[in-house]
Amino acid sequence: MAHVCKVFSRRLSTSTAVRSAIKHVTVIGGGLMGSGIAQVAAATGHDVIMVDQTDDILAKSKAAIQKSLGRVAKKKYADDGEAQASFVGEVMSRISTNTDAVAACGKTDLVVEAIVENLDVKRRLFTALDAAAEEHTIFASNTSSLPIKDIASATKRQDRFGGLHFFNPVPMMKLVEVVKIPETSNETFERLVNLGKAMEKTTVECKDTPGFIVNRLLVPYMMEAVRMLERGDASARDIDTAMKLGAGYPMGPFELADYVGLDTTKFIMDGWSQKYPDIEIFRKSDLLNKLVAEGKFGRKTGEGFYKYDKK
C-alpha cells in the first residue's frame with residue numbers, strides 16, 4: 001500500500017508539473033535581448049510571440065534570429081546542410097510576431113518584457129497587459145537595474161510577477177538570474193526556475209536588490225576602476241592588464257565597460273545613486289559623465305576608454 005501511495009504521489013506531482021509548465025512565451029521587445037530570449041525559447045520547444053512597435057523592426061529581428069540560428073546549426077550539424085536548414089526552419093516556425101502587445105498576451109503563459117530601461121514606460125506597459133492577460137499568465141521583466149517591485153506594483157498580479165534577467169548574448173550566455181519579490185508566490189517562482197532550466201540555462205535565485213547578483217558586484221567594480229583612473233593611481237591599460245593576469249578575468253574593467261556601453265553603465269549608476277544617495281559606492285563619476293556627454297559610449301560608437309576600428 002505504501003508503495004502504491006508513493007507511485008500515485010509521484011505521478012500526481014509529475015502531472016502537476018506538466019500542467020504548470022510554461023509552453024507559450026510572449027516577448028515584448030525585439031531588440032538584442034528580446035530577440036535573443038525569443039530565439040532560445042523557440043529553440044527549446046516553446047511557442048513564441050515577439051512584439052515590437054513596427055513590422056519593420058520585427059522583420060529585422062527575425063532576420064537576426066535566423067542568422068544566429070544558422071551559426072548554431074553549423075556547429076550542431078557540421079556538414080549536413082539539410083539538417084541545418086531543417087533545424088533553422090523548425091525553430092523559426094515557432095516564432096510569430098505582433099505589433100499589438102495587448103493582443104499578443106491574451107493567451108500566453110508568460111510575458112517577458114525586454115524594452116527600454118525606463119520605469120514609467122515599463123509600468124504603463126504592464127498596466128495595460130494586466131487588464132488583458134489571463135489569470136494564470138505570469139509576468140517577468142528582463143531589467144538589469146530597475147527594482148522588480150517598482151515595476152510589478154503597476155499590476156494586480158504581484159504574486160505572479162518576477163524577474164528573469166538574461167545575459168547578452170542570450171544564446172551564448174548560460175546564466176539566468178530569477179528574481180523574487182516578497183509577493184512572488186512559490187508556484188510562480190518555481191515555474192520561472194523551471195522555464196530557465198527548460199531553456200537549458202543555469203538559474204540562480206536572488207532577491208530584488210540593486211543589480212541582483214552579477215551587476216551588483218560588477219558595476220561597482222567597474223566604477224572603482226574608473227575612480228582609480230580619475231585619481232591617477234594607474235592607467236586604464238595597466239588596470240586592465242592587472243585584472244586579467246592577476247585575477248584571471250577574461251576582460252579588464254575598462255574593456256568590459258566599453259563592451260557593455262558607457263551610456264548603459266552611467267544609466268545604472270545614475271539610477272542607483274538617486275535611489276540610494278547614502279551608499280558611497282554608488283557615487284557618480286565625473287569622467288564617465290564626460291565621456292557619455294561626448295558621445296563616447298564604447299565599442300558601439302568606436303570610442304570609450306579606448307578607441308576601436310568601426311567596421
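How many residues apart in helix α12 are K266 and D270, and about how many helical turns separate them? The points below take up this question and then turn to the rest of the model, which is a predicted one.

1. K266 and D270 are four residues apart in helix α12, which spans residues 262-275, and they are therefore separated by about one helical turn. The two residues form a salt bridge, in which the closest N and O atoms are 2.8 Å apart.

2. K284 counts as partly exposed, because its relative accessibility is 44%.

3. A further salt bridge joins the side chains of K296 and E294, at 3.1 Å from N to O. Both partners are partly exposed, K296 with a relative accessible area of 23% and E294 with a relative accessibility of 39%. Salt bridges that share partners bring K290, E294, K296 and E303 together in one network. Over the whole structure, the search finds 19 salt bridges.

4. Turning to the nonpolar side chains, the largest core holds 34 residues, and the members that touch the most others within it are I37, L110 and L164. Helix α2 (residues 32-43) supplies the largest share of this core, namely five residues. When its neighbours within four places in sequence are left aside, I37 is in contact with V27, V112, A114, N142, F166, V170 and M199. There is also a second, separate core of 22 residues, and L256, L262, I268 and F282 are among its members. More generally, in soluble globular proteins nonpolar side chains tend to be buried together.

5. The sheet deserves a careful look, for it is an open one made of eight strands in the order β3-β2-β1-β4-β5-β6-β7-β8, with mixed pairing. At its edges stand β3 (95-98) and β8 (202-207), and because each has a single partner strand, one side of each is left without a neighbour in the sheet. Neighbouring strands are turned against each other by 25 degrees on average, if direction is ignored.

6. Which strands does β7 pair with, and is the pairing parallel or antiparallel in each case? With β8, strand β7 (residues 175-180) pairs in the parallel sense over six bridges, whereas β6 and β7 pair in the antiparallel sense over four bridges. K180, in turn, stands opposite K207 in β8.

7. Helix α8 (residues 186-198) lies across β4 (110-113), β5 (138-141), β6 (161-166), β7 and β8, and the helix runs at about 175 degrees to β7.

Terms used. Residues numbered from 1 in each chain as written. Predicted model: local features only at pLDDT ≥ 70, side-chain atom pairs only at ≥ 80, totals over all residues. Heavy atoms only, no water. Salt bridge = Lys/Arg side-chain N within 4 Å of Asp/Glu carboxyl O. Helix = DSSP H or I, 4+ residues; strand = E, 2+ residues; numbered from the N terminus. Buried < 20%, exposed > 50% of the residue type's maximum accessible area, 1.4 Å probe, protein only. Core = buried A, V, L, I, M, F, W, Y, C linked by side-chain atoms within 4.5 Å. Contact = heavy atoms within 4.5 Å. Pairing = 2+ DSSP bridges. Axes fitted to C-alpha atoms, helices over the stretch in contact; angles between N-to-C directions.
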